[in-house]
Amino acid sequence: MSKTFTATLFAFSCLTLIGCDGHKADGGKAGRDFAPDPASAFDASFEITPAALARMKAQGANLVLDVSYYGYPTEAARPKANQLRQIDLGQEKVVANLATPKVHFLGKLDKAGLSDVTNAEAMVLLNGYSVTKVGAKDDQVSCGYYRARIDQVRAKVPVLQCDIARP
């Protein structure tokens, strides 16, 4: 496959990330899409350093907040777990507005998959990173990770700290 074709395919795929509504629920590796669940929806916020903000504005970059939903398997569901010994419940990405450091996740997770999760407790792993104008991850700005149970992120808005990525 030529480098030009690969780059074009990658750019087109990334453009779907920055769709009209700014939301993309890609369901993780399996590409599953789930209905919004108000009981699992939550807000997240970010704080970005002035230097990182200036770099993003100069490059016309966007910030994506990305949540992976997962849980720890019941004894019976251990064969369904991934390499990290977790049950994948989906993924949701939101393009943030840099002027308003708050985003809303719709809670698009695999509710049926909760039957394979210990105590049916969904976990979230939240992270953020910069993307180019066409949606390709560029590793210029990165945010710290936040990991907690979904009930904890609903009770207190997580705040990601974002800065220029260091090699």
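In what order do the elements of the chain run from the N terminus on?

## Overall architecture

In this predicted model, the elements of the chain follow the order α-β-β-α-β-β-β-β-β-β-α-β, starting from the N terminus. Counted by type, the chain has three helices and nine strands.

## Contacts and surface

When contacts in the chain between residues at least 6 apart in sequence are considered, 72% of them join residues at least 24 apart. The chain has 167 residues, of which 42% count as buried, while its accessible surface comes to about 9300 Å², with 56% of that surface belonging to carbon and sulfur atoms.

## The disulfide

The structure holds one disulfide, and the two residues that form this disulfide are cysteine 143 and cysteine 162, whose sulfur atoms lie 2.0 Å apart. In general, a disulfide is a covalent bond between the sulfur atoms of two cysteines.

Why is the disulfide of cysteine 143 and cysteine 162 described as right-handed? The torsion about the S-S bond of this pair is about 100°, and the disulfide is therefore right-handed.

Are cysteine 143 and cysteine 162 buried or exposed? Cysteine 143 has a relative accessible area of 7% and is therefore buried, because buried means under 20% relative accessible area. Cysteine 162, at 3% relative accessibility, likewise counts as buried.

Methods:
Residues are numbered from 1 along each chain as its sequence is written. This is a predicted model: local features need pLDDT of at least 70, side-chain atom pairs count only at pLDDT 80 or more; totals for chains, interfaces and linings use all residues. Side-chain values use heavy atoms; hydrogens and water are left out. A disulfide is a pair of cysteine sulfur atoms within 2.5 Å. Buried means under 20% relative accessible area, exposed over 50%, partly exposed in between (1.4 Å probe, protein chains only). Helices (H or I, at least four residues) and strands (E, at least two) are DSSP runs, numbered from the N terminus. Contact means heavy atoms within 4.5 Å. Accessible areas come from the Shrake-Rupley method with a 1.4 Å probe; for residues, only the protein chains shown count as cover.
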